[in-house]
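Visitor: I've got a structure open on my screen and I'd like a hand reading it. Could you walk me through it?

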Amino acid sequence: MAKKLFIKTYGCQMNVYDSGRMADALVPHGYAVTDRADDADLVILNTCHIREKAAEKVYSELGRLQQLRRRRQEAGDDLLIGVAGCVAQAEGAVLLERAPYVDIVVGPQSYHRLPELLHRRARSRNAALDIDFPLESKFDRLPEEMAAAPGVAAFLTVQEGCDKFCTFCVVPYTRGVEASRPAIAILAEARRLVAAGAREITLLGQNVNAYRGAGPDGRNWDLARLIRALAEIDGLQRIRYTTSHPRDLGPELIAAHGEVAKLMPFLHLPVQSGSDRILSAMNRRHSADEYRRTIERLRRARPDIALSSDFIVGFPGESDGDFRATLALVEEIGFAQAFSFKYSPRPGTPAASMRGQVNDRIKTERLAELQALLAQQSDAFQQATVGRTLPVLLERPGRYPGQLVGRTPHLQAVHVAAPDAGPGDLIGVLITASHAHSLAAEPIASAPVVAPDPQQGRAACA
Ligand code: SAM
Ligand code: SF4
């Protein structure tokens, strides 16, 4: 009988993708995926190290797993515990000192070696640790067969790592240098996803728009070239990409937003701060005005584009004036949604030892003020959608019979009663109401069932 594998994923979409690939690696070795830790033979925590809170959650969960293992052992059974992802990479042997009962520690670049690590663990009293940045690419070693169907909206990692070294960020240390997958491998994986039922693909990378992968024509392709090639795949209806760096958003990619109808009019473009002094201390390599100009160009190319961003408040040295500059930038640009965080010092990063660390009370106050403004903007964006007809890609059944949940081109969740439709259908709907995190809609037979013309309309928050 197959052994049961449970993977708990923390953090970003790249971890969600990686968890799927870990399952792909283990299923041919006698594992079947379960959605319950309680009856698993192997539990893997796929972890995030981006902020202190994210990393600490892992240790609390490990404590619970240790208890679970005790109970299982008392019942004459066993449980293997693995830690993967960025906490595994950053802490390595230290993790094994803090949690010596962990069996396997594997970094984000070596999880294709999981079957081998399990063998190693079975033969030894010691935990198996692999946090190498191996020369071989894991993508060349992972099986093509998927352990589970991808769903209507699938992720596909095209690029990994980061060479930007923002002074607050652990990613260059945990994910290594920038590396792009060859276009041909990405196109093949996209075709497999579509054949298995995916209708939307989000291209992933820590710095996805820095993508420079070998093209089948012998040239290096950028992200715009890759998107144009993907758009030719029959059956693929929507393309998105995340996360982008403002510096790498060049004219080709902006032009693609205006020309490729399958490329959705929604972009997550983290700015972090509206103050040039702080952007420079963060080593972001762009100014607030350069960010504004990029947004203007994007809006010229695709008038209905909606924007999302990341913000950090309380970066070392951030004065009240710097914070006001962030608020001013937000007011001016108008975001459909955004993520905002208190600066969290990360061991080994330059900002952690900078002078002028901001106290937690000020960080909390600034975060509350910024989040109130961002919430106003996202509410206004949601509200402005009411009464519009939009194409919605249905992703899964809703809570009630006949109800389905899908997304607008702007990534808004929509609940619609459409008993004749099913996941994977792209239907026209009339938006009837806006709630905090979703929209309600009714289907309209005559509404468009294709993406709107890139040159029409303007995002509600613009
Ligand atoms: N590559 C993206 C970029 O260039 O903006 C960011 C990827 S990072 C995984 C996601 C977000 O986490 C960042 O945009 C930033 O806002 C936040 N973040 C990263 N390090 C942080 C830290 N030390 N404290 C607080 N937030 C942090
Ligand atoms: Fe981290 Fe993004 Fe900066 Fe790279 S570009 S160091 S991933 S915040």
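This is a predicted model: local features need pLDDT of at least 70, side-chain atom pairs count only at pLDDT 80 or more; totals for chains, interfaces and linings use all residues.

Visitor: Let's start with the helices. How are α9 and α11 oriented relative to each other?

Guide: Helix α9 covers residues 251-259 and helix α11 covers residues 288-301. Angles under 35 degrees count as roughly parallel, so α9 and α11 are roughly parallel to each other.

Visitor: And which hand does the crossing of α9 and α11 have?

Guide: On the α9 side, the contact is made by Ile254, His257 and Gly258, and these meet Thr294, Arg297, Leu298 and Ala301 of α11. By class, that contact has 3 nonpolar, 3 polar and 1 charged residues. As for the hand of the crossing of α9 and α11, it's right-handed.

Visitor: What about α7 and α8: how many nonpolar residues are in their contact?

Guide: The axes of α7 and helix α8 (residues 223-230) come within 11 Å, crossing at roughly 35°. From α7 you have Ala183, Ile186, Leu187 and Ala190, and from α8 there are Leu226, Ala229 and Leu230. No polar and no charged residues turn up in this contact, and the nonpolar count is 7.

Visitor: On to the pocket. Which element gives the most to the lining of the second largest pocket?

Guide: That pocket has about 600 Å³ of space. Its lining takes at least two residues from each of β1 (3-9), α1 (13-26), β7 (153-157) and α7 (183-195). With 7 residues, the element giving the most is α1.

Visitor: Which residues lie nearest the centre of the second largest pocket?

Guide: The lining of the second largest pocket divides into 15 nonpolar, 4 polar and 5 charged residues. Out of the 24 lining residues, those nearest the centre are Val16, Tyr17, Gly20, Ala149 and Pro150.

Visitor: Now the backbone. Which two residues are joined by a cis peptide bond?

Guide: Most peptide bonds are trans. Here, though, there's a peptide bond with omega about 0°. The cis bond joins threonine 242 and threonine 243.

Visitor: And what's the phi of arginine 285?

Guide: Most residues other than glycine have a negative phi. Arginine 285 is in the loop between α10 (276-281) and α11. Its phi is positive, and the value is near 65°.

Methods
Residues are numbered from 1 along each chain as its sequence is written. Chains are lettered from A and ligands numbered from 1 in the order in which they are written. Side-chain values use heavy atoms; hydrogens and water are left out. Axes are lines fitted to C-alpha atoms, for helices over the stretch in contact, and angles run from 0 to 180 degrees between N-to-C directions. Helices (H or I, at least four residues) and strands (E, at least two) are DSSP runs, numbered from the N terminus. Angles under 35 degrees count as roughly parallel, over 145 as roughly antiparallel, 65 to 115 as roughly perpendicular and the rest as oblique. A crossing is left-handed if the near helix is turned anticlockwise from the far one by less than a right angle, and right-handed if clockwise. Contact means heavy atoms within 4.5 Å. Ala, Val, Leu, Ile, Met, Phe, Trp, Tyr, Cys and Pro count as nonpolar, Asp, Glu, Lys and Arg as charged, and the others, Gly among them, as polar. On a 1 Å grid over the protein atoms alone, a cavity is a set of points where a 1.4 Å probe fits but cannot get out, and a pocket is an open set with protein on both sides within 12 Å along at least five of seven lines; lining residues have an atom within 4 Å of a point. Grid points are joined across faces, edges and corners, and a volume is the space filled by probe spheres set on the points.
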